[in-house]
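Please read each point with the coordinates open beside it.

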Amino acid sequence: MRWQGRRQSGNVEDRRGVGPGTVVGGGVTTLILAAVVYFLGGDPSVLLRNTAPPSASAPSSGRMSEEAQREKEFVSVVLADTEEVWNRLFRERGGNYREPQLVLFSGQVQSACGFASAAVGPFYCPGDQKIYIDLSFFEELRRRFGASGDFAQAYVIAHEVGHHVQNQLGISSRIQQMQSRASKTEANRLSVQLELQ
């Protein structure tokens, strides 16, 4: 994927090395990530058995390493691509797209959805309309699950942006209302449909 030298989003907040932050997600997010690992040729059972948080990748000093800077630039370019696409699609339909913020963190984070550790994986919080990612998750994809490359990383970011779009369009709240009236089996099916939309 050619991304160097392309436009970067200004909606990336880098909290790596700052201290506690945010994470939400859990079971369904883990299942979706296991599916991504499977389709990319990795072993999803390792992900499903693992509950330990990945190691933090952010520098603890105020100065960012070359690798940390490269990671931030990549995420910013991918987020910029999603902004261009969703802004155009909303505009074509007479709407306005509210661009989400993407928060980079290391280890743990606090969001409007609560406190979370990196073990949860990337997640979207509708409460503050932010996406949270500990970039050590990408190393876990590469090292442990064989899902390497820019495409796998871009897919994860685009997936979380998709949750933001669902929230903005009211799809998430409609599904939640349906789940509140549904059986447990039907509620689970609706959750999976929302993840795969």
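1. Cys113 and Cys125 are joined in a disulfide, with their sulfur atoms 2.0 Å apart. The model is a predicted one, and the count in it comes to one disulfide. A disulfide is a covalent bond between the sulfur atoms of two cysteines. The link of Cys113 and Cys125 is right-handed, with 95° about the S-S bond. The pair connects distant parts of the chain that lie 12 residues apart, since Cys113 sits in the loop between strand 3 (108-111) and strand 4 (114-117), while Cys125 belongs to strand 5 (residues 123-125).

2. Are the two cysteines buried or exposed? Cys113 has a relative accessibility of 34% and therefore counts as partly exposed, whereas Cys125, with a relative accessible area of 0%, is buried.

3. As for the overall layout, the protein chain has seven helices and six strands, and along the sequence these follow the pattern β-α-α-α-β-β-β-β-β-α-α-α-α. Of the 197 residues in the protein chain, 43% are buried. When contacts between residues at least 6 apart in sequence are considered, 73% of them join residues at least 24 apart.

4. Helix 3 (residues 66-92) packs with helix 5 (residues 150-169) at an angle of about 40°, and their axes are 10 Å apart. The two helices are therefore oblique to each other, and helix 3 passes helix 5 in a right-handed crossing. On the helix 3 side the contact is made by Phe74, Val75, Val78, Leu79, Thr82, Trp86 and Phe90, and on the helix 5 side by Asp150, Gln153, Ala154, Ile157, Ala158, Val161, Val165, Gln168 and Leu169. Sorted by class, the contact of helix 3 with helix 5 holds 12 nonpolar, three polar and one charged residues.

5. The residues of the contact of helix 5 with helix 6 divide into two nonpolar, four polar and one charged.

6. How do helix 6 and helix 7 lie, and at what angle do they pack? Helix 6 (residues 171-181) and helix 7 pack at an angle of about 170°, with their axes 9 Å apart, and they are therefore roughly antiparallel to each other. Their crossing is right-handed. Ile171, Ser172, Ile175, Met178 and Gln179 in helix 6 meet Ala187, Leu190, Ser191 and Leu194 in helix 7. By class, the contact of helix 6 with helix 7 has six nonpolar, three polar and no charged residues.

7. Gln197 is found in the segment after helix 7 (184-196), and with a relative accessibility of 61% this residue counts as exposed. The C-alpha atoms of Gln197 and His159, which are 38 residues apart along the chain, are separated by 9.6 Å.

8. Gln8 has its place in the segment before strand 1 (12-14) and is partly exposed, with a relative accessible area of 40%. Which residues does Gln8 touch, not counting residues up to four places away in sequence? They are Glu73, Ser76, Val77 and Ala80. For one of these, Val77, which is 69 residues away from Gln8 along the chain, the C-alpha atoms of the two residues are separated by 4.4 Å.

9. Lastly, a point on helix 4 (residues 136-145), whose buried residues are Ser136, Phe137, Phe138, Glu140, Leu141 and Phe145. Gly146 follows helix 4, and the phi of this glycine is positive, near 70°.

Technical notes. Residues are numbered from 1 along each chain as its sequence is written. This is a predicted model: local features need pLDDT of at least 70, side-chain atom pairs count only at pLDDT 80 or more; totals for chains, interfaces and linings use all residues. Side-chain values use heavy atoms; hydrogens and water are left out. Axes are lines fitted to C-alpha atoms, for helices over the stretch in contact, and angles run from 0 to 180 degrees between N-to-C directions. Helices (H or I, at least four residues) and strands (E, at least two) are DSSP runs, numbered from the N terminus. Angles under 35 degrees count as roughly parallel, over 145 as roughly antiparallel, 65 to 115 as roughly perpendicular and the rest as oblique. A crossing is left-handed if the near helix is turned anticlockwise from the far one by less than a right angle, and right-handed if clockwise. Contact means heavy atoms within 4.5 Å. Ala, Val, Leu, Ile, Met, Phe, Trp, Tyr, Cys and Pro count as nonpolar, Asp, Glu, Lys and Arg as charged, and the others, Gly among them, as polar. A disulfide is a pair of cysteine sulfur atoms within 2.5 Å. Buried means under 20% relative accessible area, exposed over 50%, partly exposed in between (1.4 Å probe, protein chains only).
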